[in-house]
Amino acid sequence: MAQDTSHASAPQGDITLMRNAHGRLVLQLPDGTQHEGVTPVRAFPVAAPDEGVSLVGADGREIAWLPRLGGVPAPVQALVREELAAREFVPVITRLVSVSGFATPSTWQVETDRGPAELVLKGEEDIRRLDERTHLLITASGGLQFRVPDTGALDRASRKLLERFL
């Protein structure tokens with residue numbers, strides 16, 4: 001099946017992105033065509049969050065590809081980041097309050113930058129170490145992800161609990 005990629009190669013500096021009266025993103029390509037209801041999607045949200053952002057139309061097809069988010073004009077970049085932040089809800093764990101046990105599955109009571117939360121850790125493999133090994137991404141049983149940007153910044157009791165799972 002042939003795929004329509006006529007707009008996917010638009011130079012990233014020549015696109016215009018704006019919000020309409022309903023708050024939806026509208027993409028205008030260099031040829032003047034407009035696409036309403038555009039959704040930005042990161043290709044590599046964990047490994048390279050600012051590289052490879054696809055602008056997908058309301059029909060689910062890619063309209064434009066942004067190889068680097070830093071390569072687009074600042075207003076476009078701001079709108080893309082704002083939309084991604086609203087879609088990518090990843091609370092940051094600021095403290096581990098308690099864990100139900102050190103064998104998995106275990107239930108964790110945590111404090112996050114969004115308030116207190118409870119998560120169920122299915123297995124130790126649900127804790128992923130990211131760059132610099134102190135940055136963690138924890139996937140709870142329901143699929144919600146939590147982030148620990150720096151394990152060294154946690155209080156001593158939290159680090160002690162966390163080390164039992166690492």
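This is a predicted model: local features need pLDDT of at least 70, side-chain atom pairs count only at pLDDT 80 or more; totals for chains, interfaces and linings use all residues.

Let's start with helix H2, residues 156-163, which lies across S7 and S8. The helix runs at about 65° to S7.

S7 and S8 belong to an open sheet of 3 strands, in the order S7-S8-S9, with antiparallel pairing. Strands S7 (93-99) and S9 (115-121) stand at the edges with a single partner strand each, so one side of each has no neighbour in the sheet. On average, neighbouring strands here are turned by 30° against each other, direction ignored.

Strand S8 covers residues 106-112 and is joined to S9 by 7 bridges. Take Glu111, for instance: its bridge partner in S9 is Pro116.

## A cluster of rings

There are 2 aromatic pairs in the structure. One of them brings together Phe102 and Phe165, with ring centres 5.9 Å apart and planes at 45°, so the pair is tilted. Phe102 sits in the loop between S7 and S8 and Phe165 in the segment after H2, so this pair ties together parts 63 residues apart in sequence.

Phe165 also pairs with Trp108: their ring centres are 5.0 Å apart and the planes are at 50°, so this pair is tilted. Trp108 is in strand S8, 57 residues away from Phe165. Put together, the ring pairs link Phe102, Trp108 and Phe165 into a cluster.

## Buried or exposed?

Trp108 is buried, at 0% relative accessibility, and Phe165 is buried too, at 3%. Phe102 is partly exposed, at 36%. Over the ring of Phe102 sits the charged end of Arg164, 3.9 Å from the ring centre.

Key: Residues are numbered from 1 along each chain as its sequence is written. Side-chain values use heavy atoms; hydrogens and water are left out. Two strands pair if DSSP finds at least two bridges between them. Helices (H or I, at least four residues) and strands (E, at least two) are DSSP runs, numbered from the N terminus. Axes are lines fitted to C-alpha atoms, for helices over the stretch in contact, and angles run from 0 to 180 degrees between N-to-C directions. Contact means heavy atoms within 4.5 Å. Rings of Phe, Tyr and Trp (its six-membered ring) pair if their centres lie within 6.5 Å; planes under 30 degrees apart count as stacked, over 60 as edge-to-face and the rest as tilted. Buried means under 20% relative accessible area, exposed over 50%, partly exposed in between (1.4 Å probe, protein chains only). A charge sits over a ring if NZ of Lys or CZ of Arg is within 6 Å of the ring centre and within 35 degrees of the ring normal.
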